[in-house]
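Hi there,

Here is the structure I promised to send over.

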Amino acid sequence: MTSGLAGWTEELARTRLHFVTGKGGTGKTTLAAALGLALASGGRRVLLIEVEGRQGFAQLFDTEPLPYAEQRIAAAPGGGELRALHIDVEAALLEYFEMFYNLGFAGRTLRRMGAIEFATTLAPGLRDVLLTGKIKECVGRTDADGRYAYDAVVVDAPPTGRVVKFLDVTKALTDLAKTGPIRGQAEGVVRLLHSGETAVHLVTLLEEMPVRETVEAVSELDGADLRPGSVLVNRVRPPRLPGRSVTSAADGRVDASRVRTGLTAAGLDLPESTVDALVEETVEHAIRVAAEQRAREQLAEADLPTLELPEITDGVDVAALYELADVLVDQGVGQQ
């Protein structure tokens, strides 16, 4: 793969479960929401799921905190619908008690006694099995006609440093009983997460640390037999210099006299201090552009489809989410 855009592949178009991860601060929740909108375009129904308890989707879409219930959060172009679900671990465990053990009342009693917190502390893997089990149920749910309830499910996953542990439910099984409904549910989760229906997308910035963590996460996903999907490069800013000028400018070789001559030709007679400041800004810009190019080359090592999204300078609101979704659609997301 080159450092240019590869777009959304046919393989990704067939994917139904999309996990979105990234280093903290890269905008993974924002891009998960934008990806959901893009996938819902054209009349499809998509579910957004969050598992970290931050209510990030409610904040992005300027709604009340999400309950443990799937509810409509936005409309998508072409008649699509975006729904959202905030998974609460205790509620998910009570759901299991009622579903598999018919312990609805007893489960609520256990909750008051603190037994649920005790259980998830005693068996840390249980928490991730519960979360991914609920995700699996949403992905596999069908209506009376056998059609999937959702065309796609998008999960705002834990950051790259924790995502493999979260998804590698096989290891979590060692914390659970050898038999029983939750064990059986976990085995179904394993089959889904390691199938072609699932992809893990990685959000990054064109900066050294996020890029390094992204490349390392791709290697970890490969090692755990989990399928990396695409790299979503966030907050991309356009270069203001011709490509041939970047290297010399980044080395500080900017001819101030030529800058002044060009400004004068354009009818701008600026003080010497202003010209010096412009030269300094040019050097700083060139250094950033050169660093971003190196970051692109490093990302190319991951050999994944890459999509770029622009920097939103006025803050991310609902309108900005639709703008980002349009950018993703232009790069093939949601198209069949």
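Glu 308 and Arg 296 are both buried (under 20% relative accessible area; exposed is over 50% and partly exposed lies in between, with a 1.4 Å probe and protein chains only). The two form a salt bridge, with 2.9 Å between the closest N and O atoms (the term means a side-chain nitrogen of Lys or Arg within 4 Å of a carboxyl oxygen of Asp or Glu). This pair links distant parts of the chain, as Glu 308 sits in strand S8 (residues 306-310) and Arg 296, twelve residues apart from it, in helix H14 (residues 272-299). Helices (H or I, at least four residues) and strands (E, at least two) are DSSP runs numbered from the N terminus.

Please keep in mind that this is a predicted model, where local features need pLDDT of at least 70 and side-chain atom pairs count only at pLDDT 80 or more, while totals for chains, interfaces and linings use all residues. Residues are numbered from 1 along each chain as its sequence is written, and side-chain values use heavy atoms, leaving out hydrogens and water.

The whole structure holds 19 salt bridges. Another one joins Glu 52 to Lys 28 (3.1 Å, N to O). Glu 52 is in the loop between strand S2 (45-50) and helix H3 (56-60) and Lys 28 in helix H2 (residues 28-40), so the pair ties together parts 24 residues apart in sequence. Lys 28 is buried at 8%, whereas Glu 52 is partly exposed at 25%. Both belong to a salt-bridge network that also includes Arg 54, Asp 156 and Arg 162.

Best wishes
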